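Below is a short report on one structural model.

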Amino acid sequence: MRRKVAITGLGLASSHGEGRAVHAALLGGAAPVLDEARFAPYPIHPLPPLDFAAVIARRELRQMETWQRLGVYAAGLALDDAGLRERVAEIDLVVAAGGGERDWALDEQILAAAPDEAGRHRMLMDGLRPTLFLAQLSNLLAGSISITHNVAGSSRTLLGEEVAGAEAVRVMSARIAAGTSELGLVGAAFTSERLDMLLLYAMGNQLHRGPWEPLPARQGMVLGSGAAFLTLALAEGATAPIAILSHIATDQGRPEGRPARLAALLAAVPQRRAGCLVISTASGAVAPTRDELAALGVAPDLFSADLLGHTVEAAFPAGLALAALAIAAGTPQVLVTGAGQWRGEAVALLERPGLLERTA
Amino acid sequence: MKTRIAVTGIGMVTALGFGTETNWDALVAGRSGVRYITRFDTTGMRATIAACVDLPEDQPGEPLSVSARVERMGEAAIAEALAQSGLSAPFGGPLSIGVPPVEIEWPQRSSFGAVTYPALIEAAQGTVPLYEEFLFGGAGTRLAERFGTTGVPQMVTTACASGGSAIQLAIEAIRNGETRKAIAAGSDASLQPETLIRFALLHALSTRNDPPEAASRPFSLTRDGFVMGDGAAALILEDEEHARERGATILGYVLGVGEAADTFHRTRSSPDGLAIVRCMERAIADAGLSPADIGYINAHGTSTPENDKMEAMAIGMLFGEALPPTSSTKSMIGHTLSAAGAIEAAICLLALQHQILPPTINQEDVDTALGLDTIPVARPHTFRAALSNSFGFGGQNVSVVLGAAD
């Protein structure tokens, strides 16, 4: 027997700022916060100043770069929002991650010097800060969350761009539904102000060039800095559930099968009610975005990437967080969809607590 | 009553060779796969040795990338496991695989002649094969598509515990009723110059380069760090009834898994050892066993001064006077990082099948203060269950309990 899972806390940080109120105000549509100059021709949604030092001890801050700091910060927001600080020892953690920042200045020094292989290794040995490795390792966002916030249940990190963010939520939700976990913290962080990430996605021809345009008009991704963490718990007994995660499903396969997989995922979503809001976490990458919109049939009410920029691993969790905010604002039901820039598809349905129980 | 998870196929690649038989023979013989690194220039490096899996595609000055080697070794291990299980591609169940994070490497980064990132980004625009090679989800996805696994391939990275986490995700999916069979695997080839340098800067690696075979010496007085290793392993897991219905040979069981996060430090276990104890305890409880049922421990045993001391202490706390014989096969195959949990679970299954304990080699100066029977030479042993430990940087700890076939 599957148990119902509730979203009980939200930790959101983006170019607009942090917290529930700032992001709830975006739901009616809002102008993006942009930096179109720094990485031109690629516009990005930059991170505003956040007071990382207020929540992360100085000796810990030194071992992280922005990606980890942002994630640790947003995870803390979620724990506070859910009022779970006293129960961190029993919380299970699932993080979707890419990796941490490189030392771009050192990279450029090496590129400029063009040394032979041994010379390159010498420059790396002399130039790399020992602690930078710990800031880069993918699983150390989760490690830093455990260290900073004392989250001490299990800890898992999934790789794999957008769909890893959705799969992380699905895995955590399935554990709670099956009774193998009582409390979960799940999410991801992404920083767009990163030359190494721009390089990777530019190699794939996946970046939108030129002035910002709304998602349906884009020819590629406009990246955004942001993090989204959710706390999940059993719906029954949750003191202040924000939304019920009544359905989440993911799939993946070769690109040519994407339209069929999206159609199947959407067909398996429980019945949508009148007034169901649709939030798409489409990346802006051309083919997957086209397939996602075609599968939906009607235009989504909201593209999270219009508001936040595309936040890769954090995109689906951020879409769920925006959906939970919409539920909190009175929307009865929200469908969240997403198709990864390269692979992977996901759908989720959120409902107002209480609504479900009355009709069940 | 929990469904027992049967293992019906095992595949393995390490520096000792390709295939479980080759590996098992070498492990029992106490052979080391550690050697001088030849696929890149190690001039001036502190550590110049590793348990390397070099492949025919490695060209002088142009070794395979981490991503490509992960994919090649993962493919070999999964193909072997699948063939043994009597199943074939398309597999029709999910894949959970421990893999390392990947990124563009220096041969690629410096191939465009650009000296600044903006110039590099412009020059590299549209080199789609490189993008696909270096996506975090790239290698795992190609393996999923090669073997026709279903759903999202779970590419798990919990550092040195990744292989154990992959087994855990796979058995959860079977126990939840999401699937009746799954592939749990690990593949790691983090050995590239920058990673070797980064680990050396953390003082994590053995610098006892001469002779290479003596460098990985877990539980010895002169252990001075781990030796990086390439490798991969795959297990075909099925709910027991599914395996029996199709008449498959059951090689052993994954009886239980436990995990526990440590909040103490990025690279060190909590000095009280409690997170590790909790992790082993949870795995044994998940298996429905008690510590006395464990007949062998395949230790995390990295050969770092810190790990081996902490792990021995935690084993002592949990098992009291009746310590099971404990070896670290990393003494022979190095530390295969994201693959270690899968490779070492596979070694436990082989040990249970053969009723032979694989050794810890290089025990001339065993650290007797640790109080362990480290199995300096392989020996016969009668046992029904084994425990495999994997503890990762970042405090991510996983233990797996393996059981003998009935």
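A:I110 lies in helix α5 (residues 104-113) of chain A. Helices here are DSSP runs of H or I with at least four residues, strands are runs of E with at least two, and both are numbered from the N terminus. This is a predicted model, where local features need pLDDT of at least 70 and side-chain atom pairs count only at pLDDT 80 or more, while totals for chains, interfaces and linings use all residues. Residues are numbered from 1 along each chain as its sequence is written, chains are lettered from A and ligands numbered from 1 in the order in which they are written, and side-chain values use heavy atoms, with hydrogens and water left out.

Is A:I110 buried or exposed? A:I110 counts as buried because its relative accessibility is 2%. Buried means under 20% relative accessible area, exposed over 50%, and partly exposed in between (1.4 Å probe, protein chains only). Leaving out residues up to four places away in sequence, A:I110 touches A:P115, A:R120, A:M123, A:L124 and B:W106. Contact means heavy atoms within 4.5 Å. From A:I110 to A:I242 the C-alpha distance is 50 Å, and the two are 132 residues apart in sequence.

## Domains of chain A

Twelve residues of domain 1 of chain A contact ten residues of domain 2 of chain A. Together these two domains of chain A bury about 1,100 Å², with 43% of it on carbon and sulfur atoms. A:Q63, A:D103 and A:W104 supply 46% of the area that domain 1 of chain A buries against domain 2 of chain A, more than any other three residues. Buried area is the accessible area (1.4 Å probe) that two parts lose on being put together, summed over both.

Two salt bridges are counted between domain 1 and domain 2 of chain A. A salt bridge is a side-chain nitrogen of Lys or Arg within 4 Å of a carboxyl oxygen of Asp or Glu. The side chains of A:E65 and A:R129 form a salt bridge at 2.9 Å, N to O.

## Chain A against chain B

How many residues of chain B are in contact with chain A? The count is 73 residues of chain B, against 76 residues of chain A. The two chains bury about 6,700 Å² between them, 62% of it on carbon and sulfur atoms. Ten salt bridges are counted between chain B and chain A. A:R175 and B:E259 form a salt bridge through their side chains (3.4 Å, N to O).

Helix α8 (residues 193-201) of chain B gives the largest share of the side of chain B that touches chain A, seven residues. By class, that side of chain B has 35 nonpolar, 22 polar and 16 charged residues. Ala, Val, Leu, Ile, Met, Phe, Trp, Tyr, Cys and Pro count as nonpolar, Asp, Glu, Lys and Arg as charged, and the others, Gly among them, as polar.

Helix α10 (residues 195-203) of chain A has nine of its nine residues buried, so it is largely enclosed by the rest of the structure. The buried residues of α10(A) pack against α5 and β5 (183-190) of chain A, together with α4 (117-124) and α5 (128-134) of chain B. A:N205 follows α10(A) and has a positive phi, near 55°.

A:E193 lies in the loop between β5 and α10 of chain A. A:E193 counts as buried, at 17% relative accessibility. A polar atom of the A:E193 side chain lies 3.2 Å from the backbone nitrogen of A:L47. The side chains of A:E193 and A:S225 are joined by a polar contact of 2.4 Å. A polar contact is a pair of N or O atoms within 3.5 Å; within protein, one must be able to donate a hydrogen and the other to accept it, and residues adjacent in sequence count only if both atoms are side-chain atoms.

## Backbone geometry

Most residues other than glycine have a negative phi, and most peptide bonds are trans. The peptide bond from A:A40 to A:P41 is cis, with omega near 10°. The bond from B:D210 to B:P211 is also cis, with omega near -5°.

A:V312 has a positive phi, near 50°. A:V312 is buried, at a relative accessible area of 0%. B:A159 also has a positive phi, of about 50°. B:A159 sits in the loop between β6 (154-156) and α7 (162-175) of chain B.
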